[in-house]
Amino acid sequence: MNMEEKLILPNHLAIILDGNGRWAKKRGMPRSYGHIVGTDNLEKMCDVISDMGIKYLTVYAFSTENWKRAQDEVALLMNLFRKYLRRCEKKAIRNHMRVRIIGDPSALAPDLQDEIREVEEVSKDYDRMFFQIAINYGGRDEIERAVTKLADDARKGVLPEGRVTGEIFERYLDTAGIPDPDLMIRTSGEQRISNFLLWQMAYTEYYFTDVAWPDFHKEELLEAIREYDRRNRRFGDAK
């Protein structure tokens, strides 16, 4: 983004990091190579997004459906998450970035759950940027878990009597306290949201690109933001 280019930036950007395996296959490499390059690209793009001044970033890293993939691929992804979270902790400290993992951590290995707790604890007071990573996440699963917790509180008398409003319900979501996404980007050509942030993206602008995640860099992001800017100027900022 040059000095003359004045764009309306999303306050909260959500990204579905798609196409790593297909990107590697096209290059005659194993799918694992694509995941490694995709993880490295996420680290670089996190800096780009922060430098632009975007306050909230949420990425879809591993869905509840991804457990159906080949066992060796799932094992590789879990190992990559371990390594990434360690690097992410250092970046959080350096950049004053708060990191939160959304999803159900109970299905993850105990040591990975420990890594999650550590990075969240270390970064809990930072506020320069808010970075959410969705691991073992599904929008329907999140809503089911939220309803279960809400029903438990209702039985305990914690909730006030009367209608459960959207504002009350949102307190039980994984994203409690985080504004809804303004723009969602999905890479690699698929044009669906795949069970990602179903409640939160009711008014989000969607942007789909054929570029696979390992090739999605600053210029591709700027093109998505330019399109978001055009839509805002056409329809206004009211939601």
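How many aromatic pairs does the count come to?

## Aromatic pairs

The count comes to 10 aromatic pairs, where rings of Phe, Tyr and Trp (its six-membered ring) pair if their centres lie within 6.5 Å, and planes under 30 degrees apart are stacked, over 60 edge-to-face and the rest tilted. This is a predicted model: local features need pLDDT of at least 70, side-chain atom pairs count only at pLDDT 80 or more, and totals for chains, interfaces and linings use all residues. Residues are numbered from 1 along each chain as its sequence is written, and side-chain values use heavy atoms, leaving out hydrogens and water.

## Around Phe-62

Take Phe-62 and Trp-67: they sit edge-to-face, 4.9 Å centre to centre with 80° between the planes. Phe-62 is buried at 0% relative accessibility, while Trp-67 is partly exposed at 33% (buried is under 20% relative accessible area, exposed over 50%, partly exposed in between; 1.4 Å probe, protein chains only).

Phe-62 also pairs edge-to-face with Phe-81, at 6.0 Å and 85°. Phe-62 is in strand S2 and Phe-81 in helix H3 (residues 71-95), so this pair ties together parts 19 residues apart in sequence. Helices (H or I, at least four residues) and strands (E, at least two) are DSSP runs, numbered from the N terminus.

Elsewhere, ring pairs link Tyr-60, Tyr-137 and Phe-196 into a cluster.

## The sheet

As for the sheet, 6 strands make an open one, ordered S3-S4-S2-S1-S5-S6, with parallel pairing (strands pair if DSSP finds at least two bridges between them). The edge strands, S3 (97-102) and S6 (205-208), each pair on one side only.

S2 (residues 56-63) and S4 (residues 129-137) pair over 7 bridges, and Val-59 has Ile-133 in S4 as its bridge partner.
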